[in-house]
Amino acid sequence: MTFEQCHTNLMAIRNRQGTPCPVVKVAYNGIIYQGRLTRTDTDREARRKSGSPFGVLVLENLGLARSPETILQIAGIPDDGIAEPATIVG
């Protein structure tokens, strides 16, 4: 997935859910990850702060307990790999 595709998909999901931190499912290397989007390098603010040459999405696990974040490289996500939870069938 390109930065532009990722940004377009995430903006549509954000608009539908009405939040900058929507709940998403991401297909990545044959695994489906689900969580709340906390950061993406496709956002202008994050792009300036990140020193990484690779763009990433950061997902926070759902629920009350704190647990490790999931960091996924955007280039490893297939073109149709980001969606709202009800739309990806695993």
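These legends go with a few close-up views of a predicted model. Local features need pLDDT of at least 70, side-chain atom pairs count only at pLDDT 80 or more, and totals for chains, interfaces and linings use all residues. Residues are numbered from 1 along each chain as its sequence is written, and side-chain values use heavy atoms, with hydrogens and water left out.

View 1. Helices (H or I, at least four residues) and strands (E, at least two) are DSSP runs, numbered from the N terminus. Going along the sequence, you'll read α-β-β-α-β-β-β. Of the 90 residues, 37% are buried, meaning under 20% relative accessible area with a 1.4 Å probe, protein chains only.

**View 2. The open sheet, ordered β4-β3-β2-β1-β5.** Its five strands pair antiparallel, where pairing takes at least two DSSP bridges between two strands. At the edges sit β4 (70-73) and β5 (82-83), each with a single partner strand, so one side of each has no neighbour in the sheet.

**View 3. The β1-β2 hairpin.** Six bridges join β1 to β2 (residues 31-40), and the two run antiparallel. Look for V26 opposite Y33 in β2. Two residues lie between the strands, and N29 takes a positive phi near 50°.

View 4. As for β2, four bridges pair it antiparallel with β3 (residues 56-60), and L37 stands opposite L59 in β3.

Terms used:
Buried < 20%, exposed > 50% of the residue type's maximum accessible area, 1.4 Å probe, protein only.
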